[in-house]
Amino acid sequence: MSTAPARQVPTVSPLTGVPFTKGHGTGNDFLLLLDPEAALDLRADAVAAACDRHLGVGADGLIRAVRSEHLPEGRELLAGHPEAEWFMDYRNADGSVSEMCGNGVRVFVHYLISRGVLALAEGTSVSVATRAGVKVVSRSADGYSVDMGPWEFIHPEDAAARATDSTVEAAGLGVPRPGLSVSMGNPHTVVALAGLDELAAPPLAEAPVVMPVPPYGTNVEFVVPAEPLVEGGVGRLTMRVHERGVGETWSCGTGACAAAVATRYWAGPESPSRWAVQVPGGVLGVVFRTGADGREHVDLSGPAVLVAEGTLLGA
Ligand SMILES: N[C@@H](CCC[C@H](N)C(=O)O)C(=O)O
């Protein structure tokens, strides 16, 4: 006698009927929702269903635009930054929350401008509240530029002593490789590979295994510095990324910053302050400079594109 398979009780997605815009930055794609008063329920399963590439619209992440005053994290930031009117509420494709998204924040600003709720005249900037603090966005020759704030080593003592702090294992790479962990508000582990052949090797369908296991997970960037490393005063590298909560993506803005931080650190004090990071979806610009707070800040620049509008019908 056979038993009937357990049936899943269908639940109605709280995002049913919600209008969305689809956009991307160097192929890192997002669903954007305008929810000024934080009325929507961004349940993880509903976000994951909308981001599913077969059963949903498909995206690497979902970004909700909320007025900062309507989220506790936003209200906290407004105290010191009353100008940060809009909060970028970022969710990964699996529905998990992330602190920051470098490609997403450019697309977020472009989206708010297209909705007519934000203006950004040439030569001006806008402050965006995120879980990784306030980010200042302005226009640039290649689209938008973001002051991502200061970078940090996640394990500074190890980085200083050995230039690496972890090992990373990925299918196709044979032995585990040394990694260096960098925070751009969200966590990254950067691994240098020997050449473009090796960079093409890992399938990256599975998450690379990082040891010691990062408590909140990590994004992993595999990088190959160009030869020569510097051309016309600009450092160059190629990168592939496996994003926490997503899988392999065509680009990662915070990842490009972390990759430039690590490569520059490994290259030594003579290495340049301007970098071009080639990702599968295009090129991102990274510039290191001293901020008004005296710390070394990272500026990220690249395009922001809106491609479609629609209505979520639920899953
Ligand atoms: N693609 C983003 C990063 C998105 C968040 C990341 N997956 C995480 O969980 O930290 C970028 O452009 O920075």
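Student: Is Cys252 buried or exposed, and how many C-beta neighbours does Cys252 have inside 10 Å?

Tutor: A residue is called buried if 20 or more other C-beta atoms lie within 10 Å of its own. In this predicted model, Cys252 has 36 C-beta neighbours inside 10 Å and therefore counts as buried. Cys252 sits in the loop between β15 and α6 (253–267), and, apart from residues up to four places away in sequence, Cys252 touches Asn28, Asn103, Asn219, Val241 and Glu243.

Student: Which residues does UniProt list under "active site"?

Tutor: The UniProt record, an unreviewed entry, lists Cys101 and Cys252 under that heading. They span 152 residues in sequence, yet no two of their C-alpha atoms are more than 7.6 Å apart, so they gather at one spot.

Student: Where does Cys101 lie, and which residues does Cys101 touch beyond those up to four places away in sequence?

Tutor: Cys101 is placed in the loop between β4 (86–92) and α3 (102–114). Because Cys101 has 29 C-beta neighbours inside 10 Å, Cys101 counts as buried, and the residues that Cys101 touches, once those up to four places away in sequence are set aside, are Gly61, Tyr90, Gly253 and Thr254.

Student: Which residues does UniProt list for "binding site"?

Tutor: Again from an unreviewed entry, the UniProt list under "binding site" includes Asn28, Asn92, Asn103, Asn186, Asn219, Arg244, Gly253 and Thr254. Asn186 lies in the loop between β10 (177–183) and β11 (187–192), and Asn186 counts as buried because 25 C-beta neighbours fall inside 10 Å. Leaving aside neighbours within four places in sequence, Asn186 is in contact with Ser98, Glu99, Met100, Ala132, Asn219 and Thr254.

Student: And where is Arg244 found, and is Arg244 buried or exposed?

Tutor: Arg244 is found in the loop between β14 (234–243) and β15 (247–249), and, since 21 other C-beta atoms lie within 10 Å, Arg244 is buried. Beyond neighbours within four places in sequence, the contacts of Arg244 are Asn92, Gly217, Thr218 and Asn219.

Student: Which residues come nearest to the ligand?

Tutor: Of the 19 residues around the ligand, those that come nearest are Ser98, Asn103, Asn186, Gly253 and Thr254. The elements that give two or more residues to this shell are α3 and α6. Sorted by class, the shell holds three nonpolar, 14 polar and two charged residues, and at least three residues come from each of domain 1 (19–149 + 304–311) and domain 2 (150–299).

Student: How far apart do the C-alpha centres of domain 1 and domain 2 lie, and how many residues does the contact take from each domain?

Tutor: The C-alpha centres of domain 1 and domain 2 lie 23 Å apart, while the contact takes 24 residues from domain 1 and 25 residues from domain 2. On the side of domain 1 that touches domain 2, α3 and β7 (143–150) are the elements that give two or more residues, and β7 gives the most, with five residues. By class, that side of domain 1 has six nonpolar, 13 polar and five charged residues.

Student: What is the mean pLDDT of the protein chain?

Tutor: Where pLDDT is low, the predicted coordinates should not be read in detail. For this protein chain the mean pLDDT is 95, and 97% of the residues reach 70 or more, while the model as a whole scores ipTM 0.99 and pTM 0.95.

Methods:
Residues are numbered from 1 along each chain as its sequence is written. This is a predicted model: local features need pLDDT of at least 70, side-chain atom pairs count only at pLDDT 80 or more; totals for chains, interfaces and linings use all residues. UniProt positions are given in the numbering used here, feature names are shortened, and annotations may be inferred rather than shown by experiment. Helices (H or I, at least four residues) and strands (E, at least two) are DSSP runs, numbered from the N terminus. A residue is buried if 20 or more other C-beta atoms lie within 10 Å of its own, exposed if 12 or fewer, and partly exposed in between; C-beta atoms are placed from the backbone. Two residues are in contact if their C-beta atoms, placed from the backbone, lie within 7 Å. pLDDT is the predictor's confidence in each residue, from 0 to 100. A residue is near a molecule or strand if its C-beta atom, placed from the backbone, lies within 6 Å of it. Ala, Val, Leu, Ile, Met, Phe, Trp, Tyr, Cys and Pro count as nonpolar, Asp, Glu, Lys and Arg as charged, and the others, Gly among them, as polar. Domain bounds come from an automatic or database domain assignment.
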